[in-house]
Amino acid sequence: LVADANRGRRRQLHVGTAIMPHLLDDLKYEAVANEHFDHVVCEHHHKWEPLLAKRADGTEVYDFTQSDRIVDWARRGGNKVKGHTLVWHVTSPKWIEEAPQARLREAVFEHIKTTMNHCLGKVYAWDVVNEPLHPDATGRLADTPFLRKLGPAYIDDCFRVAHHTDPNAVLILNENKGEGAGLPRGRSAKADALFALSRDLLARGVPLHEVGLQAHFDAAGTGQRRVPTPHSVARNIARFGDLGLGVNISEMDVRAAGLEQVGLGLAQRDAAAAAVFHDTLAAALAQPAFTGVTFWGFCDAHSWCHDFYKCVDRPLLWDAAWRPKPALAAVRRALRGA
Ligand code: G3I
C-alpha cells in the first residue's frame, strides 16, 4: 500500500496501521504489517494507564515492555512510529478523578515527559491530546478531570510541555467525528469546533503542527452518524491547511454490518464499505495539507469494533481468513490516484 501511495508523488505520504503487540507472534499478521505500511501506532499500549504497572507495595511504575515491543519491531523493519496518545481521559489512571489540582497538573506533565523521553529519537510524532471535544458536538470541551481541575488551557500546556520535551516531534491534536465540514443539519458542528479550537491554539502560539481525523465510519450510519461526503472531508482538510496545519486520517475503519437490516447481502456490504474507503481517501489525497492515513488495524479478525459494538463486522482490508477484500482494492485505487 505504501508503494501505491507514493508512486510518482512529490511529497511522501504515510500509510500506517495500529498494532497490538501480541499479534506480532502471528507470522501472517507480522508479514502483512511489514509489507504494506511505513508507519505504525500502538493501538492501546502507549496510553497512560496501560503504561503503568503495580509494584508489590501497590505503587505504580512505568513499564514500556509492550509498547517497546511494537516500537522495536517497527524500527527493525525500517518503519516509523507515531505515538498515540499522551493525554486522553478515557485511558488515564482512575486516581486522576480524585487528585487535587496541583497533583494532577504535575502528574500529567510528568507523564508527558516520561513517555516522550523514553521514546526520544524513536517516535517521530505524537497525538498529544486525544478527543478533547465533548461528544455532544456543541463545541464545548469534554467534561473530564483535566478540564474540571486545570481549565481549558490544559490543552495549551500539554502541547507546550510536549514541544519542550521533544522539539523535533510532530505534535498532533486527534479527534473523532470531526471529519467533514460544510455539512447540513449540524452534522459538521464537531468539525467546526475542532477547527475553531485549532485556530485558537495557533493564535495563542501553541506548538500544534497537525490535526488527526479519526474516520471510524459506519456505512449504515444515518443522521449525525452518516459518513461525511468526500467533498466535505476535502473542504475540512483544506481549511486546516489554510491555517498552516497538516492533516492526517488517523484511525480509519468502515463498518457496514448495519446494512444487513436494509436487505444488503455480504457482497453489497463489502462494496459499500469499499466505496467509503475509496471516496474518502481520494478526496483527502487531493489536498496539499494531507499527510497520510493510518488504518485502525488491517485484518477483520482483529478489530476493536467487535468488542465495542458487540457484533461481528468487517471494518478492515483483509477478512478474518486473510482474504483481500474489496476495501483493499479500493484503498489501492485511491492511493494510486486511479
Ligand atoms: O490487555 C487487557 C487485558 O490485560 C485485560 O485483562 C482486558 C480486560 O478488560 O483488557 C485488555 O485491555 C483492553 C485493550 O484494548 C487491549 O485489548 C482494554 O480493556 C480495552 O479497553 C482496550 O481498548 C482499546 C481502546 O482504544 C482503549 O485503549 C481498543 O483496543 C482501541 O482500538 C481503542 O482505540 C481508540 C483510540 O485510541 C482513540 N479513538 C477511538 C478508538 C476506538 O475506541
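## What sits around the ligand

A residue counts as near a molecule if its C-beta atom, placed from the backbone, lies within 6 Å of it. Which residues surround the ligand in this predicted model? They are Glu 43, His 44, Lys 47, Thr 91, Asn 130, Asn 176, Gln 214, Glu 251 and Trp 304.

## The chain as a whole

The C-alpha trace spans about 55 × 45 × 45 Å along its principal axes.

Buried residues account for 46% of the 338 in the chain. As for contacts between residues at least 6 apart in sequence, 74% of them link residues at least 24 apart.

## A closer look at strand β8

Let's zoom in on β8, which covers residues 210-213. Are its residues buried or exposed? Both faces are covered: Glu 210 and Gly 212 are buried on one side, and Val 211 and Leu 213 are buried on the other.

β8 has parallel pairings with two strands, β7 and β10. With β7 (residues 170-175) there are four bridges, and Glu 175 has Leu 213 of β8 as its bridge partner. With β10 (residues 246-255) there are also four bridges, and here Gly 212 stands opposite Asn 248.

Key
Residues are numbered from 1 along each chain as its sequence is written. This is a predicted model: local features need pLDDT of at least 70, side-chain atom pairs count only at pLDDT 80 or more; totals for chains, interfaces and linings use all residues. A residue is buried if 20 or more other C-beta atoms lie within 10 Å of its own, exposed if 12 or fewer, and partly exposed in between; C-beta atoms are placed from the backbone. Two residues are in contact if their C-beta atoms, placed from the backbone, lie within 7 Å. Two strands pair if DSSP finds at least two bridges between them.
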